[in-house]
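Visitor: Could you walk me through some of the side-chain contacts here?
Guide: Gladly; let us look at the structure together.

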Amino acid sequence: MPKVKKHKSVLAAKQNSNKPVRAGDTKRQKTEQQQQSTKPKVSAAATAKLPRARHAAAWPHGQWRCASVIDQQAAEALTRLLAAAETRTAGASIKSLTLAPHIVHKKPTYAVTVETLKHLPLLKAVLAAAELLQQHQQLPQGAAYVLTYELLFGQGFRQKGPAEVAVLSQLGRLHGSLQSLLQQGGVADAAAWLAAQQQPQQQHQQQMVPHPRFARVNTLKTSVQQVLRQLSATATSNSQQQQQQQQADAAAA
């Protein structure tokens, strides 16, 4: 019969089995077996690299940051909100950007972001008149809005860095631009100016809303002809009242 060659591993195991076992080797093997049995099993999913926590939008390189963490977080949230509004992309909301797990001081950050957005039309007009962004090109737009709000309408600066110093250097021009805008609008404060700016928009939206061209009639209680007669009588009455009011106004004038 031909000889069958045995694998090296089989021969090595046979040789090891023939060797005498020492007492120290037996203890060592038992210790290793106990350590392996007590060692917790780690799944492949647990050993996989976890994704990094989501942070706010990356700040432009070389641009000044707000010294206060609250103002900086509000500026980053405002920048992302304005970018989403400009590109008309969904997924960015005030709460998701200011109340996320990685945000510190969530409530103050949320409050500053909301108030800055509320005063944004006035802040844009003030910054354009004072030419703040043209004077300091290292000052990002979002940080300029937040810091100008804090300086003119908020609680002031919590800390001072290059961005805060740049805004403070234009304090006189910012106050002058604000007072000039209030005088031109014929109002006393920022709230009245913002309300006056919103009125034309609301009127335009109301004009753009079309009147309904259909109505649902419950035929168990009335008929379509009766509803048409009632609507026609109401429209005639309203038209007569408007004419009488116009005549009274003309007579009073």
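Guide: Let us begin with a contact to the backbone. In this predicted model, a polar atom of the Glu150 side chain lies 3.4 Å from the backbone nitrogen of Gln155.

Visitor: Which helix holds Glu150, and is Glu150 buried or exposed?
Guide: Glu150 belongs to helix H9, which covers residues 141–152. Buried means under 20% relative accessible area. Glu150 has a relative accessible area of 2%, so Glu150 is buried.

Visitor: Which side chain makes a polar contact with the side chain of Glu150?
Guide: Leaving aside neighbours within four places in sequence, Glu150 is in contact with several residues, including Val112, Gly156 and Phe157. The polar contact between side chains has a distance of 2.8 Å. That N to O pair is also a salt bridge. The partner of Glu150 is Arg158.

Visitor: Which residues are linked with Arg158 in a network of salt bridges?
Guide: Arg158 meets Glu150 in a salt bridge at 2.8 Å, N to O. Arg158 also forms a salt bridge with Asp71, where the closest N and O atoms are 3.0 Å apart. The residues linked with Arg158 in the network are therefore Asp71 and Glu150.

Visitor: How many residues apart in sequence are the parts tied together by Asp71 and Arg158?
Guide: Asp71 forms a salt bridge with Arg158. Asp71 lies in helix H4 (residues 69–87), while Arg158 is in the loop between H9 and helix H10 (162–169). The pair therefore ties together parts whose separation in sequence is 87 residues.

Visitor: Is Asp71 buried or exposed?
Guide: The cut-off for buried is under 20% relative accessible area. Asp71 has 1% relative accessibility, so Asp71 counts as buried.

Visitor: How many salt bridges are found in the whole structure, and which residue pairs with Glu131?
Guide: A search of the whole structure gives five salt bridges. In one of them, the closest N and O atoms are 3.9 Å apart, and Glu131 is joined to Arg173. Glu131 sits in the loop between helix H7 (120–130) and helix H8 (132–135) and its partner in helix H11 (residues 171–185), so parts 42 residues apart in sequence are tied together. The count is five, and the partner of Glu131 is Arg173.

Visitor: Why is the pair of Tyr149 and Phe153 called tilted?
Guide: The count of aromatic pairs comes to one. The ring centres of Tyr149 and Phe153 are 6.3 Å apart. Planes under 30 degrees apart count as stacked and over 60 as edge-to-face. The pair is tilted because the planes are at 35 degrees.

Technical notes:
Residues numbered from 1 in each chain as written. Predicted model: local features only at pLDDT ≥ 70, side-chain atom pairs only at ≥ 80, totals over all residues. Heavy atoms only, no water. Phe/Tyr/Trp six-rings, centres within 6.5 Å; stacked < 30°, edge-to-face > 60°. Helix = DSSP H or I, 4+ residues; strand = E, 2+ residues; numbered from the N terminus. Buried < 20%, exposed > 50% of the residue type's maximum accessible area, 1.4 Å probe, protein only. Polar contact = N/O pair within 3.5 Å; in protein donor to acceptor, adjacent residues only side chain to side chain. Contact = heavy atoms within 4.5 Å. Salt bridge = Lys/Arg side-chain N within 4 Å of Asp/Glu carboxyl O.
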